[in-house]
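Keep the 3D view open as you read.

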Amino acid sequence: MPASATQTLRVAVLADSDTRWKWGSLTANRIAPPNSDISLDGYLLRGRATPTARQLKEVGVTADSLREVTAVEFLRAMEKESYDILVLSLVGGGVQAMLHGLARAWDGRAKRPVVVTGYVGVVYEKLTDGLLLRHGADLVLANSRQDADRFKAVYDGVGADSSAVTEVALPFLGGDAYTGEHDPYTVVFAVQPSVPDNRRDRDYLLNRAIQHARFHPNREVLLKLRSKPGEHTTHIEELPYQKLVQGKDLPANFSLVYGHMGDVLDRTDLLVTISSTAALESLHRRIPTVVLTDLGIREGLGNHHFVGSGCLASWDQLDAGYKPVPDAEWVARQGVMADGSYETAFDAARERIVKLLAGDEMAPLTPYYTPETAPGYLPGILARHHLGPDGTPLPGAPAADKAPGPVRQIVRRAARGAYRHGVQRVAPVIRRMGEL
């Protein structure tokens, strides 16, 4: 039913990490048809990166309800609940599993939710794999003109329907435009959980940031952290900077900060990163932005995505006072709308959703991957979420008809804590031993 000023639009978001909750919940608000009164229910897919209360608070999005679920519990909830829009904010394999599970759960229904999915930021790796795993949703959102062109080319190239690809922009862009230097001049080094992936390179970047603070005592240098030790984000962080900084002699103008990226950017004069969506947030606000080249320009680092941006530079250049000038054409193709057109960026998605909601019947979900097209790939993806090849829950899958008791909750927390300890403490030691 079309949304109106007097109707509440029921929206559900399924996310598997803090970053994807941020993208999914903000996207839900951006794509809602005009004059909609949104009721937002959040579902957090249980796993190693399930966000903590602190991480959820940092995102700053309030949901009408929020609960942790397994894949099968979520699917059973979708059989009972009636939503208008469902946003799948998951890794590609999770999206594919949910599409098949939902197709089974909604089999025979004339009306079902409009299913939306996409990417949380820059798509610089596994483009084809990730896209085909997301195929089958009603809308596959592309965060920029460049991504929309690439997404359609992939789908068309394999003979899949590309009509679901819809150009939008990153949903978390915004904030006041940069108007001039602060007092003190503030440099923010926005670090990433998984890039670089070794202690030597991370130590190098940390030491260069500290050195920059010493070279410029009148500047404030902030190390912007994504998570606290023990928390996980979309990517595993085995070597948190909080631990690497221990024991180092830090100048008074160097400090570590957490918090919402937008709040940090409010006082930023120069944003420095390896390859992060923070760079796009910064460019959107016209803040001078540098993507580091110290470790090379490599696909493994993701900074190759910024070739042509005018933002590539090294710490040596920054120490010498270099200020980047972004290429306007490159910036425009990345969905960074510093020209003020951001508010209309989601119009096409809203129009498609209004049209789908207005129809009397919706076509079944039809992913590209099926037991016939990918018999050696799809069953394994579905099995990881306790689903059979046809999307049916496998025997022994967690039940959704009762909430976990106190003992079960304690066991879950202990298991997750043990996993995180293994990732952050045990695994690095084993790897170092293997290098001896």
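Which residues line the largest cavity? In this predicted model, the lining is made up of Gly121, Val122, Asn143, Ser144, Asp147, Leu170, Leu280, His305 and Gln334.

Next, have a look at helix α3, which spans residues 71-80 and is mostly covered, with seven of its 10 residues buried. Among them are Phe74, Leu75 and Met78, along with Glu73.

Now for the charged contacts, where the count comes to 20 salt bridges. One of them joins Arg10 to Asp41, with the closest N and O atoms 3.2 Å apart. This pair links distant parts of the chain, as Arg10 sits in strand β1 and Asp41 in strand β2, 31 residues apart. Arg10 is partly exposed at 26% relative accessible area, whereas Asp41 is buried at 8%.

Arg208 and Asp319 form another salt bridge, their closest N and O atoms being 3.0 Å apart. Here helix α7 supplies Arg208 and helix α11 supplies Asp319, 111 residues apart. Arg208 is buried, at 9%, and Asp319 is buried too, at 13%. Both belong to a network of salt bridges that also includes Asp294 and Asp316.

Finally, Asp249 meets Arg214 in a salt bridge at 3.9 Å, N to O. Asp249 lies in the loop between α8 and β10 and Arg214 in helix α7, so the pair ties together parts 35 residues apart in sequence. Asp249 is exposed at 62% relative accessibility, while Arg214 is partly exposed at 44%.

Key. Residues numbered from 1 in each chain as written. Predicted model: local features only at pLDDT ≥ 70, side-chain atom pairs only at ≥ 80, totals over all residues. Heavy atoms only, no water. 1 Å grid on protein atoms, 1.4 Å probe; cavity = no way out; pocket = protein on both sides within 12 Å on 5 of 7 lines; lining within 4 Å. Buried < 20%, exposed > 50% of the residue type's maximum accessible area, 1.4 Å probe, protein only. Helix = DSSP H or I, 4+ residues; strand = E, 2+ residues; numbered from the N terminus. Salt bridge = Lys/Arg side-chain N within 4 Å of Asp/Glu carboxyl O.
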